[in-house]
Structures are given as C-alpha cells and as structure tokens.
Amino acid sequence: IIVDRKGGAATLRAIRAEARTAFAAGRPVLLYPEGTRVAHGQRPPLKAGFAGLYGVLAAPVLPVAVDSGRLAPRNSFIKRSGIITYR
C-alpha cells in the first residue's frame, strides 16, 4: 500500500480502501506507526493515521518492536551484519 505523505485526507481514504481489499484477500497488513526508519534508541510519537485502520479492518492487533535501526541506520548506505530482534 503506497502512502503519499503529503496527500492528507484523500491519502487516508485510499489507504483504508486498499487495506480493506488486501485484508479481505487474506493478505497481511503491516503498519509502521512511527513512520520510516528512526535512529536506534529514538522513540518518536506515533502517527495518528494508523488508528483508523484498526476500526476498518476489525482485526486483532499485534504490536511488534524492531531494532534494525542499529544495523541499517537511516540515511546511511552502510548496512552492518548482525541480529535484528523483533519483540
């Protein structure tokens, strides 16, 4: 599902429609409510747009934390090897 970050309400409506279609087809829907990659250790505020999808999909929510930012920093071409933890 493509997100136009500058599209406003029209983008949110499109995301909801595409998510509904994907979920009805049995596809998983993953959300990253913090936005794109953030620096390791940072805790930015969650983006509010994702909350509308929970109501539309009426699906269980499984929050997952990922620490890949320490191995693949934002705005860096260099990626380090290591273990990424999903919690």
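Predicted model: local features only at pLDDT ≥ 70, side-chain atom pairs only at ≥ 80, totals over all residues.
Reader: Where is Thr21?
Author: Thr21 sits in helix 1, residues 8–24. Helices are DSSP runs (H or I, at least four residues), numbered from the N terminus.

Reader: Is Thr21 buried or exposed?
Author: Thr21 is exposed, because its relative accessible area is 56%. The cut-offs are under 20% for buried, over 50% for exposed and partly exposed in between, with a 1.4 Å probe and protein chains only.

Reader: How far is Thr21 from Lys79?
Author: They are 34 Å apart in space, C-alpha to C-alpha, and 58 residues apart in sequence.

Reader: And Thr11, where is that?
Author: Thr11 is in helix 1. Thr11 has a relative accessible area of 12%, so Thr11 is buried.

Reader: Which residues does Thr11 touch?
Author: Leaving out residues up to four places away in sequence, Thr11 touches Val3 and Asp4. Contact means heavy atoms within 4.5 Å.

Reader: New topic. How many salt bridges?
Author: The count is 1, taking a side-chain nitrogen of Lys or Arg within 4 Å of a carboxyl oxygen of Asp or Glu.

Reader: Which residue pairs with Arg70 in a salt bridge?
Author: Asp67 does, with the closest N and O atoms 3.1 Å apart. Arg70 is partly exposed, at 27% relative accessibility. Asp67 is buried, at 18%.

Key: Residues numbered from 1 in each chain as written. Heavy atoms only, no water. Helix = DSSP H or I, 4+ residues; strand = E, 2+ residues; numbered from the N terminus.
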